Amino acid sequence: MKYDTLKSARDEEIISKIITENQVNYFEILYGRYYRKVLDKCYSLLKNHQLAKEFTEDIFSKTYEKLKTFRNISSFSSWLYSITYNHCIDYLRHKKKLHYPEWNRENEIPGIIDESGDSPDTINYDDLLVILDMIHPEEKALLTMKYQDNISLKQISESLRISEDAAKMRLKRARTRVLYLYKEKFLNERK
Amino acid sequence: MEQLFNKIFAGDNVNPPENVKQAIYYAFKNPVNIDWYVRNEIYEAIFYDNSREHIARINARGKLLDYKINLELDALPERIKKTVESKGEIMNVVSIHNKKNISYEVIIRDAELKRYIIKINNDGNITEEKLL
């Protein structure tokens with residue numbers, strides 16, 4: 001199969017060609033397909049354009065090196081995004097001394113109330129983006145991994161280096177916090 | 001992005017049978033904000049009780065199999081705390097309750113910030129330890 005034909009092929013097909021035919025240049029197709037998405041994810045966590053660009057390059061190098069271990073259990077995109085979140089969160093934990101338990105203690109959600117049937121009628125998406133930047137990067141990563149990238153809880157837990165149960169509970173807390181902050185900051189202020 | 005926000009607010013939409021739902025209200029004092037998941041005919045409820053996250057597993061006949069509570073880091077019994085703290089800084093604590101006993105699942109990180117999961121029984125004996 002020629003390079004141009006492969007451009008429209010599925011990710012898994014391209015990976016198979018890279019591995020079996022040792023066609024390194026085919027990786028460029030995957031790079032082109034996902035560069036922007038990986039860059040956006042890095043920036044959303046790191047909040048630094050230069051660093052996000054450097055990390056994106058590192059992540060693609062890491063992904064290429066690990067390509068033979070890709071097992072088709074999940075989609076390539078889920079796998080790539082798991083590597084992305086893992087790389088960024090590990091950096092924040094190590095270099096920025098990101099400490100989730102401490103942050104959580106200092107930012108306790110005051111009194112969990114019954115929220116059944118209590119979702120806002122209309123959601124202002126710009127407001128919600130503000131809220132996502134107010135929460136801890138680990139909670140933000142959890143929410144986007146699960147609800148935007150459809151990554152399995154098993155992969156999420158591996159990527160964030162926590163147990164699957166801890167991932168489920170933190171995800172629950174992250175959703176509760178977003179809803180609480182959204183109401184506090186935007187809905188109650190407008191009343 | 002719109003999909004992300006809708007999902008954050010709506011959560012997952014599993015609707016378990018009534019006997020499964022009732023098992024939660026029977027076993028817990030004041031469960032709120034319950035999200036349901038199902039896998040291999042075992043229902044899993046994730047909810048708050050007394051402001052702590054809980055996970056309870058219930059079979060299709062409505063029998064509570066076990067439950068887990070996300071604890072404050074300093075809520076571990078002293079003998080267990082001492083054992084796990086000798087291995088690193090505690091980052092997450094979950095208690096596991098079944099019919100017979102209580103055990104704990106603790107995530108710690110060592111001086112090199114490597115993270116481990118430690119499973120430890122109520123007597124303070126480590127039953128499993130692995131690098132995350």
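We'll look at charged pairs, then at the nonpolar cores.

Before you click anything: this is a predicted model, where local features need pLDDT of at least 70 and side-chain atom pairs count only at pLDDT 80 or more, while totals for chains, interfaces and linings use all residues. Residues are numbered from 1 along each chain as its sequence is written, chains are lettered from A and ligands numbered from 1 in the order in which they are written, and side-chain values use heavy atoms, with hydrogens and water left out.

**Stop 1: a pair within chain A.** Select Asp90(A) and Arg161(A). They form a salt bridge (a side-chain nitrogen of Lys or Arg within 4 Å of a carboxyl oxygen of Asp or Glu), and their closest N and O atoms are 2.6 Å apart. Asp90(A) sits in helix 5 (residues 76-95), and Arg161(A) is 71 residues away in the loop between helix 9 (153-160) and helix 10 (164-190). Helices here are DSSP runs of H or I, at least four residues, and strands are runs of E, at least two, numbered from the N terminus. Asp90(A) is buried at 16% relative accessible area, whereas Arg161(A) is partly exposed at 24%. For reference, buried is under 20%, exposed is over 50% and partly exposed is in between, with a 1.4 Å probe and protein chains only.

**Stop 2: across the chains.** Now pick Asp35(B) and Lys172(A), a salt bridge at 3.0 Å, N to O. This one runs from strand 1 (residues 32-39) of chain B to helix 10 of chain A. Buried or exposed, what is Asp35(B)? Asp35(B) is buried, at 9%, and Lys172(A) is buried too, at 5%.

**Stop 3: along a helix.** Go to Lys21(B) and Glu18(B), whose side chains meet in a salt bridge at 4.0 Å, N to O. They are about one helical turn apart, because three residues separate their positions in helix 2 (residues 18-27) of chain B. Then select Asp165(A), Lys168(A), Glu44(B) and Lys68(B): salt bridges with shared partners join them into one network. Over all chains, the count is 26 salt bridges.

**Stop 4: the cores.** A nonpolar core is a set of buried Ala, Val, Leu, Ile, Met, Phe, Trp, Tyr and Cys residues joined through side-chain atoms within 4.5 Å. The largest has 69 residues, and Phe76(A) and Leu143(A) have the most contacts inside it. Apart from that core lies another, of 13 residues, including Ile90(B) and Ile120(B).
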